[in-house]
Structures are given as C-alpha cells and as structure tokens.
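Subject: A structure for you to look at

Hello! I am passing on a protein structure for you to explore. Please open it first, and then read my notes below with the model beside you.

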Amino acid sequence: MKSAKKTVVCCLIVLLVSMLVSCGPSEDKIMQAQSTYRNLINTHNAVVAAHSEIKDNSLDAELTALSSNIPEIESYNLYDMTDTEIDSLINTMNTLIDSYSGYLKTIGEIKSAEDAAVLTPVYITLINDTDITFTGLSLYEKDAPEENINALESLSGLSPKQELIGLTIYKNSGNTPWILTLNDRTVTEDEASDAEAADNADEDVSSDDPGDPYEIELDVSRYNSDKITLTVKKSEETGELYIE
C-alpha cells in the first residue's frame, strides 16, 4: 500500500514540475523579445541623435511622449511571462519602432531643408579676357531668373582686359548652379547703316542695343573658397564664351 502511495506522490510531483515548465516562456521567445528590444533602443538613440542636429523644435512634445514608453518596456521581466504575453510585448515594441522610424524620416527632411537654407557667400572677381566690351552683366541663381539685375548699369561697361570686383553668389547645400549673363555692344555694319539712316531721319534709335545675351552656367560645386577669380574667354573656333 505504501508503495502505491509513493508512486502517486511521485507522479504528482512530476506533473507539477511539467506544469511549471510549460507556463514559463521559451528560450527562443525570450531571445526574440531581447532582439526586438535592442532594435527599439538603437532606433530610439538614432532619433535622439538626429533630433539634436536640427534647430526645429516642433517635434519635442511628440518625441517626449514616445520615449515615455521605454521605462515601461524595461520594467517587464521576460522570465515571468508566457509566450503569448511576450508576443504582445514584441508587437508593442515593433509599433514603437515604426513610430520612431517615421520620426527619423521626418527629422531627415527637416535637416535637409535647414541645410539648404544655409547660404555660403562666394566673392568673385571677374576678368574680361575677350575682345568684347560688355555693357550688361548679371548673376542669378538658376531657379531665380527674376533676380537678373545688371551689375554694370552704373558703369560704362567692362572692356577687354578689365576686371570687375565685388560680385557675389550664394551657394546652398545642393550647389544649385548660377547663371552669368553678358551683353555686348558690338554693332554690325548693317546695324550701323540702319542706325545712320535712322539718325538722318531724326528717329530716336540707340546704336548700343545689347542684343541677345551670352549665358554661362557656373558650376558652384567647384568653388571651395570664399574668394575666387573667374576669367571670361572667347573660343576662337566657335566664338562662344566660356569661363576659366
């Protein structure tokens, strides 16, 4: 009889141990949760670092509210949880990771906009190494042709071998090209004859019509100094103007 009782007691003990083991989490599930947690913390830290690089503070309250979830996540003891509870915790962490990733993208866009708004002045000395006298000269950013203002308006022109000091362009982070436009006062024989005929007829016609301007695109990414010298040259073969 005693032997039978001992057998029953042993079976109950084995059954109890089995129940305790089955209620605890699996090692794979614990490792999965730990890996997700590391991913969460790394993403959180990346957002904190990126956020510190921008001046815009519009996301401060939202990021503070999001980060307030971290202490609660850290308070869980995985070994006291079931696999089902850990799955729920992993889902919560993945949701937080997605939110952080969204903010990381937004912060990146803000950083790009802030960088683009920073303008670096470049002061230019322009040398006329052609046989042309220019009466019109302007510099403007490629996307802003409305800023085309004649820098020679108050001057008699830029003659061959002369140089012009005081021109300024502003580089942005995207190195948007600038356009240099030049007008000359060269008058052809036909134009001179027309002008003479007009004068004889007492008509008010100017003989220094600038004609179509030359346009030269400046690759500002090459300008690594705040003071540079550019030389306007004319191709002997094509008659086109270019910058050196």
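Helices (H or I, at least four residues) and strands (E, at least two) are runs assigned by DSSP, and they are numbered from the N terminus. Threonine 125, for instance, sits in strand E1, which covers residues 120–129.

Two notes on the source come next. This is a predicted model, in which local features need pLDDT of at least 70 and side-chain atom pairs count only at pLDDT 80 or more, while totals for chains, interfaces and linings use all residues. Residues are numbered from 1 along each chain as its sequence is written, and side-chain values use heavy atoms, with hydrogens and water left out.

Now the overall picture. The protein has six helices and seven strands, and from the N terminus on they run α-α-α-α-α-β-β-β-β-α-β-β-β. Of its 244 residues, 30% are buried (under 20% relative accessible area; exposed is over 50%, and partly exposed is in between, with a 1.4 Å probe and protein chains only).

Next, the sheet. Strands of a sheet pair through backbone hydrogen bonds, either parallel or antiparallel. Here two strands count as paired if DSSP finds at least two bridges between them. Four strands form an open sheet with mixed pairing, in the order E3-E1-E6-E7. Strand E3 (163–171) and strand E7 (241–243) are at the edges with a single partner strand each, so one side of each has no neighbour in the sheet. Strand E6 (residues 227–234) pairs with E7 in the antiparallel sense over three bridges; valine 232 has isoleucine 243 in E7 as its bridge partner.

Back to threonine 125: is it buried or exposed? Threonine 125 counts as buried, because its relative accessibility is 17%. Beyond its neighbours within four places in sequence, threonine 125 is in contact (heavy atoms within 4.5 Å) with Glu163, Leu164, Ile165, Ile228, Thr229 and Leu230.

Finally, the aromatic rings. Rings of Phe, Tyr and Trp (its six-membered ring) pair if their centres lie within 6.5 Å; planes under 30 degrees apart count as stacked, over 60 as edge-to-face and the rest as tilted. A search of the whole structure finds one such pair. Phenylalanine 134 lies in strand E2 (residues 134–141) and tyrosine 214 in strand E5 (residues 214–218), so the pair ties together parts 80 residues apart in sequence. Phenylalanine 134 is buried at 0% relative accessibility, whereas tyrosine 214 is partly exposed at 22%.

Enjoy exploring!
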